[in-house]
Amino acid sequence: MKIAVLVKVVPNVDNFKYDYEKNVLIRENVKMIINPDDASAIEYALKIKDKNEDTHIDIITMAPKSVIPILEDLLRRNIDKAILISDKDFQGSDTYSTSIILSSYIKNEKYDLILGGSNSLDGDTGHVINQVGEYLGLWSFSNILNFDMFKGVIKFKASINEDIIECEYDYSEEKCVILGITRESKNKLRYTKFDDLKLDVSNKIKIIDNQALKIDKRLIGLNGSPTKVKKTFVKNYSKSQKSILKNNQEGIDKVYDLLKSKGVIKNV
């Protein structure tokens, strides 16, 4: 089986800063991370490979070349290849334009399964997975919590508007399907093995530019991005309180009172 995982490198939401005059995200001195939904999708692909050693995994991302160290870190987790789609002509692309660019690469490859995150921290539109599916003529579904594939059938659970639905789809006549995984799946990306931390994986990165893809420049970058942001804001997250308690009667009583106040423990 050959699997592609669409990956986005995003700023850590805890360090978001925004320039409201220029209406742009300030990325200087902000730690870049793998988008959490995408990280869950990568782990799903790795679990499939754990069970089937002949599985081949590509990660595909559209980003500047500065993300190469992050891709190398992912490759050290037993991923076979990283495709970095990078070109100055792609700068400023919205989800519409991004989907065209990703699809332009994928359409020339043969994958049995395409995974990705349902949403991203720096946009949260949830468009890309399904738009890529539309451009490629593939069946797609997002917000998936877990799934199984066997004998041409996919069974999955998905989170839709706080409801959990269970679905079954016969893909036996499909050449490929595309699934959007949500971080709510709690499918946490594994750590790199200690022995692989310094593994040289530079030969596993392939850089693709628009000279290779030959996309009309009217369809990409700012020119090809019809999305207009009316208003943007940064969500403020309150810091959780932390208390360190001793393993004695006083500590036990405090934990008991807290659980009781939250309704976890009720009077007998």
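Which residues does Ile34 touch, not counting residues up to four places away in sequence? In this predicted model, the answer is Val7, Lys8, Val9, Ala39, Ile42, Ile70 and Leu74. Ile34 sits in strand β5, which covers residues 32-34, and it is buried, with a relative accessible area of 15%. The C-alpha atoms of Ile34 and Leu189 are separated by 9.9 Å, and these two residues are 155 apart along the chain.

**The chain as a whole**

Let's step back for the overall picture. The chain holds 6 helices and 13 strands. Of its 268 residues, 43% are buried. Taking the contacts between residues at least 6 apart in sequence, 70% join residues at least 24 apart. The accessible surface of the chain is about 17,200 Å², and carbon and sulfur atoms account for 49% of that surface.

If you are thinking about cysteines, a search of the whole structure turns up 0 disulfides. Cys167 is partly exposed, because its relative accessibility is 26%. Cys176 counts as buried, because its relative accessibility is 5%.

In soluble globular proteins, nonpolar side chains tend to be buried together. Here, the largest nonpolar core has 38 residues, and the members that touch the most others are Val5, Ile42, Leu115 and Phe147. Helix α1, residues 36-51, gives the most to this core, contributing 7 residues. Another core, of 23 residues, lies apart from it; its members include Ala4, Tyr111, Leu138 and Ile178.

Leaving aside its neighbours within four places in sequence, Leu115 is in contact with Ile3, Ala4, Val5, Leu6, Ala41, Tyr44, Ala45, Ile129, Phe147 and Leu179.

**Helix α4 and its buried side**

Which residues of helix α4 are buried? In this helix, residues 128-136, they are Ile129, Val132, Gly133 and Leu136. They lie on the same side of α4, because they cover an arc of only 100 degrees around the axis. The spacing makes sense: an α-helix has 3.6 residues a turn, so residues three or four places apart point the same way.

The packing partners of these buried α4 residues are β1 (2-6), α3 (95-106), β8 (113-117), β9 (139-150) and β12 (177-181). After α4 comes Gly137, which has a positive phi, near 70 degrees.

Most residues other than glycine have a negative phi. Against that background, two residues deserve a look. Asn143 is not a glycine, yet its phi is positive, about 60 degrees. Asn143 has its place in strand β9 and is partly exposed, with 24% relative accessibility. Lys151, also a residue other than glycine, has a positive phi near 50 degrees. Lys151 is found in the loop between β9 and β10 and is exposed, because its relative accessible area is 84%.

Strand β10, residues 153-160, contains Ser159. Leaving aside neighbours within four places in sequence, Ser159 is in contact with Asn143, Leu145, Ile164 and Glu184. With Glu184 there is also a polar contact, side chain to side chain, at 3.2 Å.

Thr61 is found in strand β6, residues 56-62. Not counting residues up to four places away in sequence, Thr61 touches Val7, Lys8, Val9, Leu71, Ile83, Leu84 and Ile85. Val7, Lys8 and Val9 are among the residues that Ile34 touches as well.

| Residue | Relative accessible area | Class |
|---|---|---|
| Cys176 | 5% | buried |
| Ile34 | 15% | buried |
| Asn143 | 24% | partly exposed |
| Cys167 | 26% | partly exposed |
| Lys151 | 84% | exposed |

The classes follow from the cut-offs: buried means under 20% relative accessible area, exposed means over 50%, and partly exposed is in between.

Note on methods
Residues numbered from 1 in each chain as written. Predicted model: local features only at pLDDT ≥ 70, side-chain atom pairs only at ≥ 80, totals over all residues. Heavy atoms only, no water. Helix = DSSP H or I, 4+ residues; strand = E, 2+ residues; numbered from the N terminus. Buried < 20%, exposed > 50% of the residue type's maximum accessible area, 1.4 Å probe, protein only. Contact = heavy atoms within 4.5 Å. Areas by Shrake-Rupley, 256 points an atom, 1.4 Å probe, with all protein chains shown as cover. Disulfide = S-S within 2.5 Å. Arc of directions from axis to C-beta. Core = buried A, V, L, I, M, F, W, Y, C linked by side-chain atoms within 4.5 Å. Polar contact = N/O pair within 3.5 Å; in protein donor to acceptor, adjacent residues only side chain to side chain.
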